[in-house]
Amino acid sequence: MKVLLVYPPILRSAGIYSTPLPIGVLQVAGYLWWKGNDVRVLNLEIGGALKTVSIAALRRAYELHDPTRYVANPGSAYRTEFHQALLAHRPDLVGFSCATEQLDAAQCLAEDAMRILPGVRIEMGGVAAKPSEWASETARIALDHDPALSKLAGQNPPESFGAILTSHGCPHACTFCSSPSIYGRRVTEYPPERLFLRINDAAAMGAKRIHLMDDTITLRLERAREVADVMAAARLPWRTQTRVDDLARHPELAAELKSRGCTQLTFGVESGSPRLLELMKKRITRDQVLRAVEILDKAQLPYTANFMIGYPGETDDDVQLTIDLIDLMRPQRVLAGSVVPYPGSELHNTNPEFVARARRWPACRWSPFDPGFLCEDNGDRVQGPSAAAIKAFYDLVERVNDHAPTPGTFTTSLKNTTEQPAEASV
Ligand code: SF4
């Protein structure tokens, strides 16, 4: 069978190209290829050389661009590129990866595919799609296969090939997260030999550093040490995700990871409000956050703290508590996002009103950088804190990140094209 797997645009819809490594797509590609299919992968988000871009530039890009129009326009470059790949490969099956902001584009592309190649089979996967039985089963088996990195040759900068999973799943049950529904709160750890092979593959593709993209590698102290030992032997700088309660429980771990080549940790704080942390079932406390920061500062290990804004029921007082906590933490970098009700998450399943409202928005506008995110046509916010509180929060995030060792929170690439505004090239 001839298969075309497609990663639809995200930030590209706002004129900026990012460089995600679509690991899920590449794992599915690896499995289907292993089964004897003729597989191609098309990353429609990508282009050009790596650059970092500030949150201010991202916000400006969303103000200047109309992602909805770009996605719907039959003449947009991403659709032309897809049509060319479709006609060149003439697949029997086209599969789309669907994160929330990719849904609208995936739908347009699926319609294009059915018009251009009548009878072609369409499959959707990813956090925002309800996959068919075939797609669910394929995704499940694909987890055990290596990502077919070579299928992206020429499409991704080498740096992005350093994204690797050493495990999947998480035992926690944060209400906003889709991991519990996807993996059933079960953690599957891959053997260290497999990690070695993947690092070698990434290095062969030109990766100079590795990002371990696991939900968290620090759930078990011994496992964290095992992974860190493999990374130390690989002699490439690396970064990964953790939880503040893990760091607070094992205060020696931060220094150990650093001594084994770890250059940065990322963890979710989400909110400075104990009431909201309780609602989110985050199972961390402000004290643990501050303790983790103290440990990381002592180990001189830089970190990125993740926060979210717009949780149903969040008030301006909650936002002020978040701002106060960021002031106390003095993080090197903050990654800030708006709350999105992922299908399958508890937040989605228990908040029909929030979901119904959220469905009224074009999916491609679901970005924290979009000034119209979750706003009525007249600009009023439909849920969560006031526009003034949200602005105060993002202003602080920008101030923090302006002083970050690496500016901005997203790696993007810029391409010589008339698709994007000059302001994006900051
Ligand atoms: S947000 Fe992180 S800790 Fe919470 S369930 Fe998801 S992966 Fe686990």
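This report walks through a predicted model, from the whole chain down to single residues.

## Ground rules

Since the model is a prediction, local features need pLDDT of at least 70 and side-chain atom pairs count only at pLDDT 80 or more, while totals for chains, interfaces and linings use all residues. Residues are numbered from 1 along each chain as its sequence is written.

## The whole chain

The chain holds 17 helices and 15 strands; helices (H or I, at least four residues) and strands (E, at least two) are DSSP runs, numbered from the N terminus. Of its 426 residues, 46% are buried. Buried here means that 20 or more other C-beta atoms lie within 10 Å of the residue's own; exposed means 12 or fewer, partly exposed is in between, and C-beta atoms are placed from the backbone.

How much of the contact list joins residues 24 or more positions apart? Among contacts with a separation of 6 or more, such pairs make up 83%. Two residues are in contact if their C-beta atoms, placed from the backbone, lie within 7 Å.

## The nonpolar core

The largest nonpolar core has 109 residues, and L5, V6, A29, A292 and L296 touch the most other members. It draws at least three residues from each of domain 1 (1–156 + 409–426) and domain 2 (162–350), with domain bounds that come from an automatic or database domain assignment. A core like this is a set of buried Ala, Val, Leu, Ile, Met, Phe, Trp, Tyr and Cys residues joined through C-beta atoms within 7 Å.

Take L5 as an example. Beyond its neighbours within four places in sequence, L5 is in contact with V25, V28, A29, V39, V41 and G95.

## Helix α5 and its surroundings

Helix α5 covers residues 103–116, which is 14 residues. From first C-alpha to last it reaches 20 Å, close to the 20 Å expected at 1.5 Å a residue; the expected span is 1.5 Å times one less than the number of residues. Its buried residues are L103, D104, A105, A106, C108, L109 and A113, and they pack against β1 (2–7), α3 (67–72), α4 (77–89), β5 (93–97) and β6 (121–125).

What sits around this helix? V71, in helix α3, counts as buried because it has 27 C-beta neighbours inside 10 Å. The C-alpha atoms of V71 and C108 are 7.7 Å apart, although 37 residues separate them along the chain. P8 lies in the loop between β1 and β2 (17–18), and with 30 C-beta neighbours inside 10 Å, P8 is buried too. P8 touches A105, A106 and L109, among others. P8 and A106 are 98 residues apart in sequence but 6.0 Å apart in space, C-alpha to C-alpha.

## Two loop residues with positive phi

Q300 isn't a glycine, yet it has a positive phi of about 55°. It's in the loop between α13 (286–299) and β13 (303–309), and it counts as exposed because it has 9 C-beta neighbours inside 10 Å.

R330 is another non-glycine with a positive phi, about 50°. R330 is in the loop between α14 (316–329) and β14 (333–338). Is R330 buried or exposed? With 10 C-beta neighbours inside 10 Å, R330 counts as exposed.

## Around the ligand

The ligand is surrounded by C170, H172, A173, C174, C177, S179, P180, D215, R243 and G268. A residue makes this list if its C-beta atom, placed from the backbone, lies within 6 Å of the molecule. The shell divides into five nonpolar, three polar and two charged residues. Ala, Val, Leu, Ile, Met, Phe, Trp, Tyr, Cys and Pro count as nonpolar, Asp, Glu, Lys and Arg as charged, and the others, Gly among them, as polar.
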